[in-house]
Amino acid sequence: MTKYSSEFKVKLVNEYLEGQISILGLAKKYGIPSKSPIYNSVHQAETNGLNSLKNKRSHKEYSQDFKLSVIEYYKLHEISRLDTAIHFKISPSQVSSWIYIYNHYGVAGLRRRPRGRRPLMARRKKKTHLSSSKEEKYKQEILDLKSKLHDTEMDRDILKALKALRENNHSSRKQK
């Protein structure tokens, strides 16, 4: 909801938290086309307080390691992109963008790009596939292995729970 002022966001959140009106009602009342920006602001305010709703106008560049830590947190904790964004105090669309880039280009896609003027169309080279450095390949492999380990641990926990349920069922049948 960056196109709305901080004061307006705080006003919307306060109105919602007073319990007088729903999020959909607020969207209709103020002519906001979607309820999701209001929901995001309310969720962010409930988690981090009303001060977190202030617009941050400065352009901030994030390191490749920070982007990887956001993606790793999202994957391993199995939470929503909104909750991940609130945890790291960044935009939910930024989290979605990084996840998309990671899924399509891997770790190499998350590296910083050079800033400044782009070359003219006539001089622009054809897009080439991003080549990964050794370090980026290792980071990619580590993240993949952490994901596989998490999945394996989840499978193990499910099997343990299933075994416990079967033992409880079996023991209850013996008692009857």
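This is a predicted model: local features need pLDDT of at least 70, side-chain atom pairs count only at pLDDT 80 or more; totals for chains, interfaces and linings use all residues.
# Helices and their neighbours

Reader: How many helices does the protein chain have?
Author: Helices here are DSSP runs (H or I, at least four residues), as are strands (E, at least two), numbered from the N terminus. From that end on, the elements run α-α-α-α-α-α-α. With zero strands, the helix count of the protein chain is seven.

Reader: Back to Ser22: which residue has its backbone nitrogen 3.0 Å from a polar atom of the Ser22 side chain?
Author: Ser22 sits in the loop between helix 1 (6-17) and helix 2 (23-30). Lys35 is 13 residues away along the chain, and its C-alpha atom is 9.9 Å from that of Ser22. The backbone nitrogen 3.0 Å from a polar atom of the Ser22 side chain belongs to Gly25.

Reader: Are helix 4 and helix 5 perpendicular or oblique to each other?
Author: The axes of helix 4 (residues 64-77) and helix 5 (residues 81-88) come within 10 Å and cross at roughly 135°. For scale, angles under 35 degrees count as roughly parallel, over 145 as roughly antiparallel, 65 to 115 as roughly perpendicular and the rest as oblique.

Reader: And at what angle do helix 4 and helix 6 pack?
Author: In helix 4, Phe66, Lys67, Leu68, Val70, Ile71, Tyr74 and Lys75 meet Val95, Trp98, Ile99, Tyr102 and Asn103 in helix 6. Helix 4 and helix 6 are roughly perpendicular to each other. Their axes lie 10 Å apart, and the angle is about 90°.

Reader: Which helices do the buried residues of helix 5 pack against?
Author: Those buried residues are Leu82, Thr84, Ala85 and Ile86. Helix 5 also meets helix 4 through Arg81, Thr84, His87 and Phe88. The buried residues of helix 5 pack against helix 3 (36-48), helix 4 and helix 6 (92-105).

Reader: Which residue makes a polar contact with the side chain of His150?
Author: His150 is found in helix 7 (residues 134-175), where its relative accessible area of 15% makes it buried. Leaving out residues up to four places away in sequence, His150 touches Lys75, Leu76 and Glu78 (contact means heavy atoms within 4.5 Å). A polar contact is a pair of N or O atoms within 3.5 Å, where one must be able to donate a hydrogen and the other to accept it, and residues adjacent in sequence count only if both atoms are side-chain atoms. At 3.2 Å, the side chain in polar contact with that of His150 is that of Glu78.

Reader: How far apart in space are Glu7 and Leu53?
Author: Glu7 lies in helix 1 and is exposed, with a relative accessible area of 60%. Leu53 is 46 residues from Glu7 in sequence. From C-alpha to C-alpha, Glu7 and Leu53 are separated by 8.7 Å.

Methods
Residues are numbered from 1 along each chain as its sequence is written. Side-chain values use heavy atoms; hydrogens and water are left out. Axes are lines fitted to C-alpha atoms, for helices over the stretch in contact, and angles run from 0 to 180 degrees between N-to-C directions. Buried means under 20% relative accessible area, exposed over 50%, partly exposed in between (1.4 Å probe, protein chains only).
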